[in-house]
Amino acid sequence: MKQKIIIISAIILLLTLVAFMVKDFFFSKPDNTNPYKFELDDLRKGDTAKAVFTETLQFKTGLEEIHGIAIDLENQIYVAGKEGVEIFNSAGKTLYKINTRSTPQSISVNGNGYILLGIQDHIEIWNRDGKQIARWNSCGPEAVITSIAVQGNNVFAADAGQKVVYRYDKQGKLLNKIGLKDPATSVPGFIIPSPYFDLGISKDGNLWVVNPGRHSFEKYTFDGALLISWSKASMAMEGFCGCCNPSNFAFLNDSLFVTSEKGIERVKIYNTDGTFMAIVATPYQFEAGTKGLDLAVDKQNRILVLDPVKKLIRIFQQK
Amino acid sequence: MKKTLAIVFLVFLFAVQFMNSYAIQRFPKPEFESGYVQPETLLPNPRAEMLAILDIAVLIISLSVVSWLVIKKRNRNAVFWMSVFALAYFGFYREGCVCSIGSIQNVTLAIFDTSYLIPLSAIIFFMAPLVYTAFFGRTFCAAVCPFGAIQDLVAFSPQKLGSRLNAVLGVIPYIYLGLAVLYAATGTDFIICRYDPFVGIWRLDASFGMFIFGGILLVVGIFIARPYCRFLCPYGVLLNWTSRFSRKHITITPAECIQCRLCENSCPYDAIEMPVTTKNPEDKGTMARKLIFITILIPILMLAGGWVGSRLHEPLASVNAKVRLAKQILNPVTEKNQPETFEIEAFKSAGKQQSQAFAEASVVLHKFYIGSWILGGFIGLVFGGLIAGRMMTKHRTDYTPNKGTCLSCVRCVDYCPVKLPK
């Protein structure tokens, strides 16, 4: 009896294997997923509790391409794009249009209302009436000016092509270079694999520069001494992903960092020590492949995101 | 000390794994040109020709040694240790490739597809065991095939299945062989390799499914000795046929059988045939009627099998990549949120016309139509042969190994009290 049970059980197991082979070969559905595809969907998700911002306003610009955004002291919004600059009030109504002939990649506004434009390898200064005030010298044949910031008498320009930050005076005289690799002073040098290289002045007057290849922020004195840095390399929502991120950043009024990334398009907020604080916009809010989400923060602490694919200025506020 | 070494090994393993995973996740890619030149993709060198020749040499030497041990020395212990060597060399060292069982598909594909260049080792691995079997019986199964060796090691409590059950389950390898040939001939798939139960064990990287598949076979093998060899192995079918005509097959007794019955239960594979007494021999008329019946039955079964097979050619062809693609083009995925299949994406990106895909599928379907007729006819023949075997009475006076199913393991020899004088 025992022998029979053993034989029957063994035969059932054997036939089950045969049935499995038949089922697997003839009746299993082919896997439709591309096995070579780099799946990012899971990385696009974040903690919903951290998503404390909502989009409150968006408006289109009249420019064919848009590359940079800035805010002046009167809370007016400046957008640089193809062969021009467009100026809006805080509600998104167009106030001025300036034809610059060349296409600026970056923009800043100083305290006098002059517009500083980074046009390929040099800086130009324009007023709101569409008049060019100055054209500074070229920074070099490989220069790509991707960010400009003004602090008092100092103008800082980030050159992604030559991987350096220039410090100028108001007249365009080069005072010094910042960030060149120097082991003696522990300056690591900028790693910039893509043309996205941003800098900014925090509310307490410090110069912060993104080192995108290191996924870090570095704080420098105006003379170029490295003070501190923090980095967050991660594919997860809490960090900066890929070869080189964040692509852009701005400061909230309480000196928190607002950052944007490419690859996995997202806008987030970090504390001054690099602690991840909140999600402003998730990848689902952008077209896949969007790059150059330039940022600005106005007096009401609204976060303005320049969306170059949808050609929109998108404004986010805390819920 | 061992524990420390194990921890260091694991830390190293995980560190390497971590570095790999970190390196993969570099997204998005850099955009600046830095003058860096991407190194050429290096492909691993093919296995040195000398090593392929070594495999062939090891196969031939193993077959020769095992055949000598089986036929001349009749030494079970030596045969057992040869099977351990086969397990180590052809199993774990050569990781189950090239293997004689799978070589059926290489040979078939080479016959039907002239563009396929079959390796010499595949031809030798296909032919050599058959040639040795033609002379010495299934000595390859005894101790050269790693599949047999691993199952032999676990056959702790083999049970007798009885001739009917053996005969019924014994049909499966024929069907498997027919399907393997059909799918290899049409360039569809190498199903023997796809469902190789032990390759994951040889390579120490079995997926969960493979591990379960191989594991269940080994568990079954505790009670039903060598279940893969007896009830699945398609190469076993060819060896079975060849072995029936072997010139020198192992015998249980080295001299005259004394009918002591000691060997009766010695074979774990139910391959010993009992003496059939001639007390009630069938008269000539009955035998003639049976012969006529079988002569009529087999062609009918073959025709019926072929017809049924031809009716099934479309389902059989549905696993072919070209047929599947054509079906997907005809019936695209329409569910919401369902992406297009990978095949459709690849087809579109290749810039091919739909008509081209349909034409290619049509050629494959025609091949399957012909192949299914032959496969069905073959299965009909197998069933006919099974019925004929059950009907025809063979007269035997001694206990003899069934030359077709005997795996030449030499177990039975030890049970025979008759010894030749040294």
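B:Ser408 is found in the segment after β2 (400-401) of chain B, where strands (E, at least two residues) and helices (H or I, at least four) are DSSP runs numbered from the N terminus. The model is a predicted one, in which local features need pLDDT of at least 70 and side-chain atom pairs count only at pLDDT 80 or more, while totals for chains, interfaces and linings use all residues. Residues are numbered from 1 along each chain as its sequence is written, chains are lettered from A in the order in which they are written, and side-chain values use heavy atoms, with hydrogens and water left out.

With a relative accessible area of 0%, B:Ser408 is buried; this word means under 20%, whereas exposed means over 50% and partly exposed in between, using a 1.4 Å probe and protein chains only. Leaving aside neighbours within four places in sequence, B:Ser408 is in contact with several residues, including B:Val70, B:Phe136, B:His249 and B:Ile250, where contact means heavy atoms within 4.5 Å.

In chain A, A:Lys131 lies in the loop between β8 (122-126) and β9 (132-135), and A:Lys131 is exposed, with a relative accessible area of 55%. Not counting residues up to four places away in sequence, A:Lys131 touches A:Ile125 and A:Trp126. The C-alpha atoms of A:Lys131 and A:Asn99 are separated by 9.0 Å, although these residues are 32 apart along the chain.

The two chains also meet each other, with 40 residues of chain B in contact with 39 residues of chain A. The area buried between them is about 3,500 Å², of which carbon and sulfur atoms give 76%; buried area is the accessible area (1.4 Å probe) that two parts lose on being put together, summed over both. On the side of chain B that touches chain A, helix α12 (residues 208-223) gives the most, with five residues.

Some details of the backbone deserve a careful look. Most residues other than glycine have a negative phi, and most peptide bonds are trans. The peptide bond from A:Asn245 to A:Pro246, however, is cis, with omega near 0 degrees, and A:Pro246 is found in the loop between β17 (226-231) and β18 (248-251) of chain A. Another cis peptide bond joins B:Cys97 and B:Val98, with omega about 10 degrees. A:Arg101, which is not a glycine, has a positive phi of about 65 degrees, and A:Arg101 is exposed, with a relative accessible area of 58%.
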